[in-house]
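Keep the sequence and the 3D view open while reading.

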Amino acid sequence: MGRQRMCDPTLLHDAILTGDHKTAIAVTKEAIAAQIDAMELVSRYMVPAMDEVGRRFECEEFFVPELLLSARAMKGALELLRPLLAAAGAASAGRVVIGTVKGDLHDIGKNIVGAMLEGGGFEVIDLGADVAPETFVDAVRQHRPQLVCLSALLTVTMPAMKETIEALDRAGVRQSVKVLVGGAPVSAEFARKIGADGSGENAAVAVALARRVLAP
Amino acid sequence: MRIQVISCEVMFREICHLAARSRNQVDLAFLPKGLHDLKSADMCERLQQQVDRASMANYEAIAMSYALCGNGLAGLRARSIPLVVPRAHDCIALLMGGQDRYRRYFESNRGVYFKSSGWVERGVTASQLTGYGMDMAELIAKYGEENARYLYEELNRYRQTYHKFTYIEMGIEPDDRFEKSTRAEAAERGWEVEKIAGDLSWLRRLVDGDWSPAEFLVVPPGHRIAPTWDDRIVEAVEETTEAG
């Protein structure tokens with residue numbers, strides 16, 4: 001075995017899939033000690049695990065708690081790997097400003113999407129709930145994200161998504177970002193109508209959708 | 001006129017009260033409140049089954065005692081009988097008697113959770129499935145102690161953004177039991193309670209067949225309900241058979 005310690009990275013895949021935060025951290029530490037390539041760990045074991053979590057959520061084998069636990073396990077492992085990934089020159093998947101639009105205080109969906117995006121390697125700036133269009137504009141100017149994610153649970157607050165996109169437009173920053181919208185009542189048709197770049201039917205598709213709209 | 005009212009059980013007492021006093025012959029069907037926790041397409045499917053069943057009988061119209069309800073009504077089809085639906089986002093607007101009153105209240109009262117007789121006593125929800133409704137003991141049993149604590153915190157964080165129950169009294173309650181229950185729950189959470197008077201008039205017009213275009217959408221046979229994202233809230237869209 002030489003100086004390498006025993007480490008089975010498939011255990012990391014399984015720990016993320018089952019939402020086992022402690023095991024995910026322990027295996028990641030072992031993998032680091034065994035000098036397993038961090039990028040390979042992410043792309044071969046961790047991302048496929050999250051993809052499987054998303055698939056199980058889609059077919060209602062998993063529900064919101066499972067999603068939350070897997071995202072936490074993914075995030076815990078990524079935090080340990082981040083310095084190694086940075087040293088290896090791996091860029092963050094992108095920077096995201098996320099918030100629930102003005103008038104809407106429901107933030108569970110937004111929190112889950114935020115956790116999923118962090119798990120997917122994005123840097124997430126969470127503006128919270130009931131966020132005014134001007135606050136989104138300021139955050140875009142300050143943080144220069146590639147992506148803005150807007151959430152709403154109530155149909156009565158959905159027009160605030162349109163107002164937020166219009167405010168980004170008026171401020172001259174709309175072209176610098178992609179805007180994604182989500183929340184239970186939000187449809188692809190609505191997203192098109194208000195000039196968003198995309199919408200996700202649920203939190204499980206957030207990472208894939210974010211990667212797709214940012215792909216050159 | 002003979003009509004079928006299909007209602008969410010959250011308005012059970014209101015609709016029964018109005019049906020008994022209506023000049024119309026009104027048949028009632030109630031569906032569980034938990035439908036609104038389902039994905040909107042699943043809620044619509046359950047409503048469609050009910051509409052389809054009613055469409056086989058001899059009614060002049062099917063009146064939906066529902067709001068757009070998180071797009072749960074989006075896509076609902078009128079078969080052989082017209083479907084009538086109030087132009088409302090949420091049932092709270094129906095209980096308040098008008099969309100304008102609801103909007104004004106909503107805009108000046110953030111962090112409010114609404115209660116009414118139905119919101120107190122009609123409790124069957126699908127939230128056990130999604131995890132939102134689980135208490136700590138249930139979470140521990142399913143996910144283990146450490147995970148349960150994390151989940152409980154995440155799933156209940158939204159409560160910090162709410163601080164008030166608004167209890168809507170419709171004037172048909174037998175006594176103050178629903179108000180008392182609301183006040184007890186508020187005390188447990190450290191929330192305030194505001195009691196406001198509801199207004200049965202919009203629901204009454206629904207049951208009585210007094211369907212002005214400003215307040216109601218009448219969906220003709222062969223059309224479906226679509227959200228408009230403006231003040232009309234809903235419109236009727238003709239069904240087209242997609243070619244190839």
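The largest nonpolar core has 139 residues. The residues with the most contacts inside this core are A:Leu12, A:Ile16, A:Met46, A:Leu67, B:Ile62, B:Leu73 and B:Val85. A nonpolar core here is a set of buried Ala, Val, Leu, Ile, Met, Phe, Trp, Tyr and Cys residues joined through C-beta atoms within 7 Å. Buried means 20 or more other C-beta atoms within 10 Å of the residue's own; 12 or fewer means exposed, anything in between partly exposed, and C-beta atoms are placed from the backbone. Helix H4 (residues 64–87) of chain A gives this core its largest share, 10 residues. Domain 1 (2–90 + 201–238) and domain 2 (99–197) of chain B each supply at least three residues to this core. In soluble globular proteins, nonpolar side chains tend to be buried together.

A:Leu12 shows the packing in detail. Leaving out residues up to four places away in sequence, A:Leu12 touches A:Ala24, A:Val27, A:Thr28, A:Ala31, A:Leu41, A:Tyr45, A:Met46 and A:Ala77. Contact means that the C-beta atoms of two residues, placed from the backbone, lie within 7 Å.

## Model and confidence

This is a predicted model: local features need pLDDT of at least 70, side-chain atom pairs count only at pLDDT 80 or more, and totals for chains, interfaces and linings use all residues. Residues are numbered from 1 along each chain as its sequence is written, while chains are lettered from A and ligands numbered from 1 in the order in which they are written.

Chain A has an average pLDDT (the predictor's confidence in each residue, from 0 to 100) of 91. In chain A, 98% of the residues score at least 70. Within chain A, confidence is lowest in helix H5 (residues 108–119), at a mean of 86. It is highest in helix H6 (residues 133–143) of chain A, at 98.

## Chain B: fold and domains

Chain B has 10 helices and 10 strands. Helices (H or I, at least four residues) and strands (E, at least two) are DSSP runs, numbered from the N terminus. The radius of gyration of chain B is 19 Å, close to the 18 Å that the globule rule gives for 244 residues, so chain B is as compact as a globular protein of that length. That radius is taken over C-alpha atoms, and the rule is 2.2 Å times the number of residues to the power 0.38. The C-alpha trace of chain B spans about 55 × 50 × 30 Å along its principal axes. Of the 244 residues in chain B, 39% are buried. Among contacts in chain B with a separation of 6 or more, 65% join residues 24 or more positions apart.

Chain B is divided into domain 1 (2–90 + 201–238) and domain 2 (99–197). These bounds come from an automatic or database domain assignment. Taken over C-alpha atoms, the centres of the two domains of chain B are separated by 25 Å. Their contact takes 14 residues from domain 1 and 12 residues from domain 2 of chain B. On the domain 1 side, 6 residues are nonpolar, 2 polar and 6 charged. Ala, Val, Leu, Ile, Met, Phe, Trp, Tyr, Cys and Pro count as nonpolar; Asp, Glu, Lys and Arg count as charged; the others, Gly among them, count as polar.

## Where the chains meet

Contacts link 24 residues of chain B with 23 residues of chain A. Helix H6 (127–130) and helix H8 (145–156) of chain B each supply at least two residues of the side that touches chain A. H8 of chain B gives the most to this side, with 5 residues. By class, this side of chain B has 11 nonpolar, 9 polar and 4 charged residues.

## Individual residues

A:Ala71 is found in helix H4 of chain A. It is buried, with 28 other C-beta atoms within 10 Å. Neighbours within four places in sequence aside, A:Ala71 is in contact with A:Ala115, A:Met116 and A:Gly119. B:Met134 lies in the loop between H6 and helix H7 (136–143) of chain B. B:Met134 is also buried, with 21 other C-beta atoms within 10 Å.

Most residues other than glycine have a negative phi. A:Asp130 has a positive phi of about 55 degrees although it is not a glycine. A:Asp130 sits in the loop between strand E2 (122–126) and H6 of chain A. With 20 C-beta neighbours inside 10 Å, A:Asp130 counts as buried. B:Trp229 has a positive phi too, near 65 degrees. Its place is the loop between strand E9 (223–227) and strand E10 (234–238) of chain B. B:Trp229 is partly exposed, with 16 other C-beta atoms within 10 Å.
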